[in-house]
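User: I am new to this protein and would like to learn how to read it. Could you take me through it feature by feature?

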Amino acid sequence: MPKIRLDRDDMINRFLHIRGLEEEESGIRSPDSMRAILMDFFDFLADHEQVSDQSGGVLPTKLKSMVERRSLMPLPIETVSALLTEWRPIHRLVMDGQEILFERQTELKKMDDGTVLFGSWPQGEHGEREALRWIASVREDKRQLLISEKAVMSRPFDKKEECTWEESDIRRWLNDVFYQHAFSEDEKKRISFSSSEGVFLLSAREAGKFILSEADRKAEPTALAMKNGAGVNEQGYAFWWLRSAGQFPGSIACVDPDGAVDEGGFHCSSRFVTVRPALWVILQDEEI
C-alpha cells in the first residue's frame with residue numbers, strides 16, 4: 001500500500017491552505033486558532049502509536065472535540081477526516097516523532113450503486129469536502145472513462161463574448177484548480193493526458209455515445225453548486241456544459257435538466273450552467 005511521510009508542520013500547513021481562504025472570508029476562525037487546535041491534535045497523536053479511522057473513528061472525533069472545546073464552529077466529522085488527509089478514507093496513521101506515516105488505498109473503489117470513488121472535492125453547502133463519485137463509462141484497452149456523477153460546480157464556460165473549448169476559462173480551471181485540488185499525487189499519476197488536458201468536458205456527440213440514456217444524463221448539482229447559483233428544474237436536475245460550440249454566436253452546447261443534448265446551448269458567459277468533469281483513468285490489474 002502506498003505510503004507518504006509528512007512533517008507535522010507541513011501537514012498543518014496543508015490543512016490551513018485548504019481551509020484558509022474560506023475561513024478568512026467567512027470569519028469562522030483565524031489560521032492561528034486552527035493551528036493551535038492542530039498542534040493539540042498532533043500532541044494527541046504522539047501518545048498513540050497507531051490509530052485507525054473509517055471517517056467516524058477516534059481521529060476526527062478527537063479533532064472535532066478540540067474545535068468544540070475552543071468554542072469555535074464545530075466541523076462535521078466527515079469534513080475533518082477528508083480535509084486533514086486530502087483524501088479518504090484514512091487507512092492507517094503512525095506517529096513517528098514529528099512525522100506522520102499515512103498508508104492509503106489508491107485503487108478505484110466501486111460502490112454498491114455502481115459508481116466509482118476517485119478523488120475528493122468540496123461539495124457540501126459550506127464547502128465540506130467529500131469523496132467524488134464517478135460513472136464508469138466506456139473502457140479502451142487499459143483506460144476507463146469516468147464521468148462525474150454530480151455537477152460539481154456552477155460557473156461560466158468563459159467570460160468572453162465568443163469562445164472555444166481550447167481557449168476557454170473552464171478548460172484551464174478543470175486542468176488547474178480542479179485537477180490540483182481534487183486528486184492526490186498518486187491519483188494524478190493515474191489520469192491519462194491528451195493534448196495537454198487530463199480533465200475535460202464531453203462533446204455533444206460523446207454525451208450521446210458515452211451516456212446512452214437521458215435518465216443517466218440527468219445530473220444533480222452538489223449542495224455547493226446549488227449555493228453558487230446552479231440552475232435546476234423542479235426535480236432538482238441541472239444544466240451542464242459540453243465542450244461543443246452551440247448554434248448561436250458565443251453559445252456552447254449543454255445537456256438540459258431532462259437529460260437531452262441541447263446543441264443550441266447557452267451563451268458561454270452564463271453562470272447557472274454547471275460543470276460535470278470527465279477523465280480517462282489508467283486501470284490497474286483486475287480493477288472495476
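User: Let us start with one residue. Where is Ser148 found?

Analyst: This is a predicted model. Ser148 belongs to strand β8, which covers residues 143-148.

User: Is Ser148 buried or exposed?

Analyst: Look at the relative accessible area. Under 20% counts as buried. Ser148 has 1%, so it is buried.

User: What does the side chain of Ser148 lie close to in polar terms, and at what distance?

Analyst: A polar atom of that side chain lies 2.9 Å from the backbone oxygen of Lys150.

User: Which residues does Ser148 touch, beyond those up to four places away in sequence?

Analyst: Arg133, Trp134, Arg276 and Pro277.

User: Which other charged end sits over a ring?

Analyst: That of Arg143, over the ring of Trp280. The distance to the ring centre is 4.2 Å.

User: Take Phe118. What does it touch, leaving out residues up to four places away?

Analyst: Its partners include Leu108, Leu132, Trp134, Leu146 and Phe183. Glu187, Ile191, Leu279 and Val281 are also on the list.

User: How many aromatic pairs are there?

Analyst: The count is 13. To read one, check the distance between ring centres and the angle between planes. Planes under 30 degrees apart count as stacked, over 60 as edge-to-face, and the rest as tilted. Trp121 and Phe178 have centres 4.9 Å apart and planes at 55°, so this pair is tilted.

User: Where do Trp121 and Phe178 sit in the chain?

Analyst: Trp121 is in strand β6, residues 116-122, and Phe178 is in helix α5. They are 57 residues apart, and the pair links distant parts of the chain. Both residues are buried.

User: What kind of pair do Tyr179 and Phe193 form?

Analyst: An edge-to-face pair, with 90° between the planes and 5.5 Å centre to centre. Tyr179 lies in helix α5, while Phe193 lies in the loop between β10 and β11, so the pair ties together parts 14 residues apart in sequence.

User: Which residues form one aromatic cluster?

Analyst: Phe118, Trp121, Trp134, Trp173, Phe178, Tyr179, Phe183 and Phe193.

User: Finally, the whole protein. How many helices and strands does it have?

Analyst: Nine helices and 16 strands. Of its 288 residues, 50% count as buried. The protein exposes about 13,900 Å², and carbon and sulfur atoms supply 46% of that. Among contacts with a separation of 6 or more, 62% join residues 24 or more positions apart.

Definitions and conventions:
Residues are numbered from 1 along each chain as its sequence is written. This is a predicted model: local features need pLDDT of at least 70, side-chain atom pairs count only at pLDDT 80 or more; totals for chains, interfaces and linings use all residues. Side-chain values use heavy atoms; hydrogens and water are left out. Helices (H or I, at least four residues) and strands (E, at least two) are DSSP runs, numbered from the N terminus. Buried means under 20% relative accessible area, exposed over 50%, partly exposed in between (1.4 Å probe, protein chains only). A polar contact is a pair of N or O atoms within 3.5 Å; within protein, one must be able to donate a hydrogen and the other to accept it, and residues adjacent in sequence count only if both atoms are side-chain atoms. Contact means heavy atoms within 4.5 Å. Accessible areas come from the Shrake-Rupley method with a 1.4 Å probe; for residues, only the protein chains shown count as cover. Rings of Phe, Tyr and Trp (its six-membered ring) pair if their centres lie within 6.5 Å; planes under 30 degrees apart count as stacked, over 60 as edge-to-face and the rest as tilted. A charge sits over a ring if NZ of Lys or CZ of Arg is within 6 Å of the ring centre and within 35 degrees of the ring normal.
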